Amino acid sequence: MGRLAGKIALVSGAGRGQGRSHAIHLAREGADIVAVDVCSDIATNKYPLATIADLNETAREIEKVGRRAVVVRADVRDRSAMESAVALALSELGGLDVVVANAGIAPLGADGTEQTFIDGFDVDFVGVVNTFGAAIPRLPDGASLIATGSVAAIRGAVENQASGPGGAAYALAKTFIVQYVRTLARQLAHRKIRVNAVHPTNCNTSMLHTEGMYRLFRPDLEHPVVDDVLDSFTSIQAMPVPYVEPEDVSAAVVFLASDESRYVTGLQLTVDAGAALN
């Protein structure tokens, strides 16, 4: 406890899933949190996204551990909205030390359109650029920037006919994050600002448990359910597990946010049960 005492962190995609987990784990270690989420659906993304009720529940969980929570409804595709979120962190909480660019979608499906590609890429990569870009001019020396990538960027196993334009967007966005983090880390090193990425394998969240994702693994079935895909999920990892849990990824995020990683930058940290080894 207390590894982030006195720190203020902004987490995008904080309404549920990995984002909620990251926000709560950062708070447990002493950070006050700006919890950002769009809290509305995107038409080309076929599964429902987090709601304002979800985001408010994240805030309640943060407050339960004795930390302050500021809720911001904002779309990471909108740079001005993210600049407003950063400004709110400064005005309401007094600063900003950690930025976790976590918001993402996976609009998979062979029936996707050009707009599916645009929306997927804009959330998954442009959203990272906007979140970091809004924050960097306001960050103190020694701050930490953390992006959520995907082991798919390393394995190259998402873009195919079954995943459609959304899968192509997801794969490209996560691949771009790798080089973006490396290059940005070099640009900010003189200020001791670290820039790192965490690359999970399948993670046990709402994004994973969608029909589009299930059909990616079982294209032979019209309406696969979770029991149909567990063996396929497990085949990705070297360790015999179908997925990791959000808290497994959050442990890595806490490390990268804390002063324990003060000399760690440009890192591509896989939390993948060995998926990158296969």
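A crossing of two helices is called left-handed if the near helix is turned anticlockwise from the far one by less than a right angle, and right-handed if clockwise. Keep that in mind for the helix pairs below. The model you are looking at is predicted, so local features need pLDDT of at least 70 and side-chain atom pairs count only at pLDDT 80 or more, while totals for chains, interfaces and linings use all residues. Residues are numbered from 1 along each chain as its sequence is written, and side-chain values use heavy atoms, leaving out hydrogens and water.

Let's start with helix α1. Helices (H or I, at least four residues) and strands (E, at least two) are DSSP runs, numbered from the N terminus. Two packed helices are described by the angle between their axes and the distance between the axes. Here, axes are lines fitted to C-alpha atoms, for helices over the stretch in contact, and angles run from 0 to 180 degrees between N-to-C directions.

How do α1 and α2 lie relative to each other? The axes of α1 and helix α2 (residues 52–64) come within 9 Å and cross at roughly 20°. The two are therefore roughly parallel, since angles under 35 degrees get that name, over 145 is roughly antiparallel, 65 to 115 is roughly perpendicular and the rest is oblique. The crossing of α1 and α2 is right-handed. On the α1 side, R20, A23, I24 and A27 make the contact, and on the α2 side D54, E57, T58, E61 and I62 do; contact means heavy atoms within 4.5 Å. By class, the contact of α1 with α2 has four nonpolar, one polar and four charged residues. In this scheme Ala, Val, Leu, Ile, Met, Phe, Trp, Tyr, Cys and Pro are nonpolar, Asp, Glu, Lys and Arg are charged, and the others, Gly among them, are polar.

Helix α1 (residues 17–28) also packs with helix α9 (residues 246–257), at an angle of about 50° and with the axes 9 Å apart. That makes α1 and α9 oblique to each other, and their crossing is right-handed. From α1, G17, Q18, S21, H22, H25 and L26 meet P246, E247, V249, S250, V253, V254 and A257 of α9. Six nonpolar, six polar and one charged residues make up the contact of α1 with α9.

Now for the cysteines. How many disulfides does the structure hold? There are zero, a disulfide being a pair of cysteine sulfur atoms within 2.5 Å. The sulfur of C39 is 19 Å from the closest cysteine sulfur, in C203, and is therefore too far away for a bond. C39 is buried at a relative accessible area of 6%, where buried means under 20%, exposed over 50% and partly exposed in between (1.4 Å probe, protein chains only). C203 is buried too, with 6% relative accessibility.

The backbone deserves a look as well. Most residues other than glycine have a negative phi, and most peptide bonds are trans. C39, in the loop between β2 (32–37) and α2, has a positive phi of about 55° although it is not a glycine. K192 has a positive phi of about 60°; this lysine lies in the loop between α6 (164–188) and β6 (194–200) and is exposed, with a relative accessible area of 56%.

Finally, visit K7, in the segment before β1 (8–12). Is K7 buried or exposed? K7 is buried, at 18% relative accessible area. Not counting residues up to four places away in sequence, K7 touches G30, A31, D32, D97 and D259.
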